[in-house]
Amino acid sequence: MVDFRRIAAESTLYTFHAHTQFCDGRDTMEAIVAAAVAHGFTHIGFSPHSPIPFASPCNMSKASVPLYLDEICRLRAKFAGQIEIFQSMEIDFTEVSGPADDYYQQLPLDYRIGSVHFIPSFDNPQEQIDIDGHPNEFVSKMHHYFHDDIEAVVRSFYAQSLKMVERGGFDIIGHFDKIGFNASCFKPGIDQEPWYDKLVHELYEAIADHHLTVEVNTKSWEPYGRFFPASRYFGMLKHSGLTVVFNSDAHFAGKVNDGRVEAMRQYAIAK
């Protein structure tokens with residue numbers, strides 16, 4: 001198992017969350033490794049969106065998994081002595097699959113990230129809807145699949161997240177209040193309301209009970225000024241005793257370090 005606490009204590013130059021040409025990443029794995037090396041990174045972990053049992057343009061196929069693992073081997077050889085490269089996946093938890101499934105557990109991964117990107121459509125619970133995209137797409141999906149009931153969508157996201165934590169099978173929980181951003185674009189201020197805060201704290205308590213590593217996801221800092229979890233929760237994490245890592249969730253080579261320095265600065269001064 002990867003010792004995230006040790007790595008984070010010894011180096012600030014790492015990310016355990018990066019996407020590839022095998023899912024919705026926009027650059028090759030080699031380009032991302034080269035960018036990480038140029039930044040002086042000591043470690044980089046690739047985490048393509050996992051294969052899932054329904055159609056999604058963002059997720060890798062099962063057929064591409066061996067190719068992905070082969071590319072990891074090639075890059076480890078090419079960059080030996082320059083950076084340590086991990087093979088992982090960001091595994092979606094839905095009503096029909098999740099990180100604890102045998103398929104994901106049997107893959108030779110160094111670690112697993114568990115994330116919620118999909119919730120069931122209100123009219124057809126068998127239909128899984130991606131709620132993680134651009135805010136404009138989210139608004140359209142709110143109309144089409146969720147009757148504009150933003151509170152119900154938020155509660156569904158957190159219910160899914162709690163189920164994922166309880167079922168386990170993963171090491172890092174990905175962007176655990178990500179829904180707060182799109183929800184606040186749909187209804188400004190919703191993520192500041194007491195009931196929302198209560199859901200975050202309930203999920204945090206489950207995360208702590210299961211001793212998971214928590215990522216501070218920095219992908220949206222530069223375009224939107226937001227971290228996941230939001231910076232107002234940094235104090236809670238800082239005093240939790242949990243291992244916290246700062247991941248760029250890069251989809252482009254040039255963004256491998258985006259937001260990480262600012263996230264660590266804010267975390268350091270959090271009360």
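## Notebook: burial, helices and pockets

**Ala 36.** I began with Ala 36, which counts as buried because its relative accessibility is 0%, and I note here that the model I am reading is a predicted one. The residue sits in helix α2. Setting aside the neighbours within four places in sequence, I found Ala 36 in contact with Phe 41, Ile 44, Ile 83 and Val 256.

**Helix α3.** I next took helix α3, residues 65-78, whose 14 residues reach 20 Å from the first C-alpha to the last, close to the 20 Å expected at 1.5 Å a residue. Which residues of α3 are buried? I listed Val 65, Tyr 68, Leu 69, Glu 71, Ile 72 and Leu 75. They cover an arc of only 155 degrees around the axis, and therefore they lie on the same side of α3. As a reminder to myself, an α-helix has 3.6 residues a turn, so residues three or four places apart point the same way. On the other side of α3 I noted Leu 67, Asp 70 and Ala 77 as exposed. The buried residues of α3 pack against α2 (29-38), β2 (43-46), β3 (84-92) and α4 (102-106), and α2 is also the helix that holds Ala 36.

**Helix α8.** In α8 I recorded Trp 195, Tyr 196, Leu 199, Val 200, Leu 203, Tyr 204, Ala 206 and Ile 207 as buried. What covers these buried residues includes α6, β7 (172-173), α7, β8 (213-217) and α10 (234-238). Just after α8, I noted that His 211 takes a positive phi of about 55 degrees.

**Arg 226.** In the loop between α9 and α10 I looked up Arg 226, which counts as buried because its relative accessibility is 12%, where the cut-off for buried is under 20%. Leaving aside neighbours within four places in sequence, I found Arg 226 in contact with Asp 177, Gly 180, Phe 181, Ser 184, Asp 191, Ser 220 and Trp 221. Arg 226 and Lys 178 are 48 residues apart in sequence, and their C-alpha atoms are 9.7 Å apart in space.

Is Asp 24 buried or exposed? At 14% relative accessibility, Asp 24 counts as buried, and I placed it in the loop between β1 (14-15) and α2. Apart from neighbours within four places in sequence, its contacts are His 19, His 49, Cys 58 and His 251. Asp 24 and Phe 252 are 228 residues apart in sequence, yet 9.9 Å apart in space, C-alpha to C-alpha.

I then turned to the largest pocket, which holds about 970 Å³ of space. Its lining has 46 residues, of which Asp 24, Asp 132, Gly 133, His 134 and Lys 219 lie nearest its centre. The elements that give two or more residues to this lining are β3, β6 (128-130), α5 (135-145), α7 (179-186) and α9 (221-224). By class, I recorded 15 nonpolar, 16 polar and 15 charged residues in the lining of the largest pocket.

**Second largest pocket.** The second largest pocket has a volume of about 230 Å³. I listed its lining as Arg 5, Ala 8, Ala 9, Ser 11, Thr 12, Tyr 14, Leu 242, Thr 243, Val 244, Phe 246, Met 264 and Tyr 267. At least two lining residues each come from α1 (4-10), β9 (244-247) and α11 (260-269), and α1 gives the most, with three. The lining of the second largest pocket divides into eight nonpolar, three polar and one charged residue.

**Cavity.** How many cavities of 30 Å³ or more does a search of the whole structure find? The search finds one, and I noted a volume of about 30 Å³ for the largest cavity. Ser 115, Val 116, Phe 157, Ser 161, Met 164, Ile 173, Gly 174, His 175 and Phe 176 line the largest cavity. Helix α6 (residues 150-167) gives the most to this lining, with three residues. By class, the lining of the largest cavity has five nonpolar, four polar and no charged residues.

Definitions and conventions:
Residues are numbered from 1 along each chain as its sequence is written. This is a predicted model: local features need pLDDT of at least 70, side-chain atom pairs count only at pLDDT 80 or more; totals for chains, interfaces and linings use all residues. Side-chain values use heavy atoms; hydrogens and water are left out. Helices (H or I, at least four residues) and strands (E, at least two) are DSSP runs, numbered from the N terminus. The expected span of a helix is 1.5 Å times one less than its number of residues. Buried means under 20% relative accessible area, exposed over 50%, partly exposed in between (1.4 Å probe, protein chains only). The arc is that of the directions from the helix axis to the C-beta atoms. Contact means heavy atoms within 4.5 Å. On a 1 Å grid over the protein atoms alone, a cavity is a set of points where a 1.4 Å probe fits but cannot get out, and a pocket is an open set with protein on both sides within 12 Å along at least five of seven lines; lining residues have an atom within 4 Å of a point. Grid points are joined across faces, edges and corners, and a volume is the space filled by probe spheres set on the points. Ala, Val, Leu, Ile, Met, Phe, Trp, Tyr, Cys and Pro count as nonpolar, Asp, Glu, Lys and Arg as charged, and the others, Gly among them, as polar.
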